[in-house]
Amino acid sequence: MFETAIAGSLPKPAWLAETEKLWPQWKASGAELDAAKRDATLLAIKTQEDAGLDVVGDGEQARQHFVHGFLERVEGLDFEHKVKMGIRKERYDAMVPQVVAPLRLKGRVHAMEAQLARKHTKKTLKFTLPGPMTIVDTVADRFYGDKVKLAFAFAELLNQEALALQSDGVDIIQFDEPAFNVYMAEAADWGVAALERAAQGLRCKTAVHICYGYGIQANLDWKQSLGDEWRQYEQVFPALAASRIDQVSLECYHSHVPPQLMALLAGKDVMVGVIDVASDDIETPEAIADTIGRALQFVPKHRLFPCTNCGMAPMRREIAEGKLRALAEGAALARQRYG
Ligand code: ZN
């Protein structure tokens with residue numbers, strides 16, 4: 001009961017990449033960088049195991065950014081001529097690659113991290129990929145001319161990699177779709193369908209993570225503008241409840257999401273965010289158990305999985321590690337209280 005996991009990313013060590021950045025520059029190149037990525041992946045798994053988490057992942061140590069890590073292996077994208085684009089409804093500017101030709105995978109994307117992780121942990125292994133709708137919102141399309149067509153083209157490629165990850169021994173494949181909280185009507189209209197295309201044929205568990213973003217300033221400012229009640233999930237959850245996706249990861253602690261919206265996910269596993277990634281204060285086990293208690297009003301015990309609100313990539317390492325330990329301790333306390 002209350003098996004713990006993180007949303008996905010962990011801070012990168014200072015010897016691997018610039019710290020406290022969402023788009024960090026690598027510290028090495030070539031074979032040296034490949035070795036550093038492998039070392040950091042092992043370290044991320046060990047860190048999660050030592051903290052006492054039940055489900056572990058690669059900490060996204062081998063990708064520069066959660067979307068571009070995948071895109072770097074896609075043919076049909078022009079990375080040489082990136083353009084500045086306002087993403088997530090102009091919330092912030094990013095330099096994004098352009099889609100200039102039919103999309104195809106150049107080969108495997110995450111084989112190294114997935115196989116290495118599988119070899120070195122006996123715990124349940126979760127692996128994250130960006131969702132098709134969020135990818136579409138992070139590239140400049142000069143070829144397909146239609147968002148839905150482009151999303152399904154990416155979904156096909158994601159599906160290829162997801163099936164291969166499953167063969168690598170991954171237990172849970174999670175697609176990250178922060179864009180679902182920004183384009184709610186489109187998410188319900190075609191975003192969930194594109195997600196299901198990405199997950200087609202998978203026999204392992206499938207999950208989607210929908211959040212209000214990393215703890216960067218642009219996101220903090222955006223959250224300020226959302227008012228007292230954040231009801232974005234209300235439009236998307238019914239479509240997800242009707243989908244074939246098994247698990248939904250959502251933001252809860254310190255958010256203004258009305259907890260009763262979790263009831264819209266009846267029949268799904270719910271990864272409840274009990275750790276705030278936008279604050280450096282480390283949650284107490286009591287606060288975490290309290291959050292789990294509030295969620296239990298709307299999610300049955302056997303479907304509740306305590307998680308972080310979002311990834312921890314831009315965080316200080318020691319803070320993130322403290323939060324991982326708190327997550328495990330808080331879940332243990334909740335087992336005593338509500339078990
Ligand atoms: Zn997130």
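What follows is a walk through the fold, from the whole chain down to single residue pairs.

The model is predicted: local features need pLDDT of at least 70, side-chain atom pairs count only at pLDDT 80 or more, and totals for chains, interfaces and linings use all residues. Residues are numbered from 1 along each chain as its sequence is written.

Start with the whole chain. The C-alpha trace spans about 55 × 45 × 40 Å along its principal axes. A compact globule of 339 residues would have a radius of gyration near 20 Å, and the chain agrees, with 19 Å. That radius is taken over C-alpha atoms, and the globule rule is 2.2 Å times the number of residues to the power 0.38. Buried residues make up 47% of the chain. Buried means that 20 or more other C-beta atoms, placed from the backbone, lie within 10 Å of the residue's own. Among contacts between residues at least 6 apart in sequence, 78% join residues at least 24 apart. A contact puts two C-beta atoms, placed from the backbone, within 7 Å.

The chain has 10 helices and 10 strands. These are DSSP runs numbered from the N terminus: helices are H or I with at least four residues, strands E with at least two.

Seven strands form an open sheet with parallel pairing, in the order β1-β4-β6-β7-β8-β9-β10. Its edge strands, β1 (55-56) and β10 (304-308), each pair on one side only. Two strands pair if DSSP finds at least two bridges between them. Strands β4 (residues 124-130) and β6 (residues 172-176) are joined by five bridges. There, Thr128 of β4 faces Gln174 in β6.

Two helices show how the sheet is covered. Helix α9 (residues 285-295) lies across β9 (269-275) and β10, at about 145° to β9. Axes are lines fitted to C-alpha atoms, for helices over the stretch in contact, and angles run from 0 to 180 degrees between N-to-C directions. In helix α8 (residues 232-241), the buried residues are Tyr233, Val236, Phe237, Ala239 and Leu240. They fall within an arc of 165° seen down the axis, so they line one face of α8. The arc is that of the directions from the helix axis to the C-beta atoms. These buried residues pack against α6 (184-198), β7 (205-210) and β8 (247-250).

Finally, the hairpin. Strands β2 (residues 74-87) and β3 (residues 92-105) run antiparallel, joined by nine bridges. Ile87 stands opposite Tyr92 in β3. Four residues lie between the strands, and Arg88 takes a positive phi near 55°. Strand β3 also runs parallel to β5 (residues 140-141), with two bridges. Here Val99 stands opposite Asp141 in β5.

Key. A residue is buried if 20 or more other C-beta atoms lie within 10 Å of its own, exposed if 12 or fewer, and partly exposed in between; C-beta atoms are placed from the backbone.
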